[in-house]
Amino acid sequence: MEHYEKKISFLGENIQTIRKHRGMKQQELADKIGINMQSLSKIERGVNYPTFDTLEKIMDVLGVTPNELLSGEWKYVNQAEKEVCQFLRIEERLNAELKHGHYDNFFDSEEEWLEYELEKLREYITDYINGKSIVASDLYPIKEFIQHLKFQKLLDRYDDLYSMDMFGESIEGHKYKTPYQVVKMINPNSKEDMELLSKLPWATGKFDDEDE
């Protein structure tokens, strides 16, 4: 029993030591792991032993392995490597969610999934652009990519636009008409056409907006 109590005390001391090494206040750690400061204080003083769930959260927030926390023996870990691994985990989680999310029963329809997917992508891009360390040079690749997409859309419409310019019809076979062509088609000998023409604003001189 004495050995067990010593183990609890040692664990609490290690949590406190690592927390202080991270420059973290007791309240800050308590908030991040979801318990009140009094409970954390008892854990650090060896009065109480944390639940497995709480212990797991403490290790995640402090960035230590179970062996490091329980033994008090530190291993040198390259910080850059840790950040890269964390970045990859977050990106992989998002990619998996966007790739397989539409199979989730949470969405009642394909339209709901597509709307959610668009919202997540907007958040992703906005978070990047609003980053504190962002500089103009970071945005140039995004600008070039968007220009490419815009130009590609224009190329996709090229055949349709070319058909309208050359033959007056779209690739779907719809005849393309300008407002002038419509006016020219009015038959001056038709009573209905002339009555319709007389009701137009430029014929009556009545406009809703004086600027018009």
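Let's start with helix 2, residues 26-33: its buried residues are Gln26, Leu29, Ala30 and Ile33. Seen down the helix axis, those buried residues fall within an arc of 100°, so they line one face of helix 2. Terms, quickly. Buried means under 20% relative accessible area, exposed means over 50%, and partly exposed is in between, with a 1.4 Å probe and protein chains only. The arc is taken from the directions from the helix axis to the C-beta atoms. Helices are DSSP runs of H or I, at least four residues, numbered from the N terminus.

A word on the source. This is a predicted model: local features need pLDDT of at least 70, side-chain atom pairs count only at pLDDT 80 or more, and totals for chains, interfaces and linings use all residues. Residues are numbered from 1 along each chain as its sequence is written, and side-chain values use heavy atoms, with hydrogens and water left out.

Back to helix 2. Glu28 and Lys32 meet there through their side chains, in a salt bridge at 3.6 Å, N to O. By salt bridge I mean a side-chain nitrogen of Lys or Arg within 4 Å of a carboxyl oxygen of Asp or Glu. Glu28 and Lys32 are four residues apart in helix 2, so about one helical turn separates them. Glu28 is partly exposed, at 33% relative accessible area. Just after helix 2 comes Gly34, with a positive phi of about 80°.

How many salt bridges does the structure hold? Four. One of them joins Glu44 to Arg19, with the closest N and O atoms 2.7 Å apart. Glu44 lies in helix 3 (residues 37-44) and Arg19 in helix 1 (residues 2-21), so this pair ties together parts 25 residues apart in sequence. Are these two buried or exposed? Glu44 is buried, at 4%. Arg19 is buried too, at 6%.

Now helix 7. Here Glu123 forms a salt bridge with Lys120, closest N and O atoms 3.8 Å apart. These residues are three apart in helix 7, so about one helical turn lies between them. Glu123 is partly exposed, at 35%. Lys120 is partly exposed, at 22%.

Last, the surface. Tyr124, Ile125, Tyr128, Ile129 and Leu139 form a nonpolar patch, with about 430 Å² of accessible area together. Which helix gives the most to this patch? Helix 7, residues 110-129, with four residues. Tyr124 lies in helix 7, and is partly exposed at 38%. Patch residues have over 30% relative accessible area and no salt bridge; like charges are joined within 9 Å, nonpolar side chains (Val, Leu, Ile, Met, Phe, Trp, Tyr) within 5 Å. Accessible areas come from the Shrake-Rupley method with a 1.4 Å probe; for residues, only the protein chains shown count as cover.

Conventions. Helix = DSSP H or I, 4+ residues; strand = E, 2+ residues; numbered from the N terminus.
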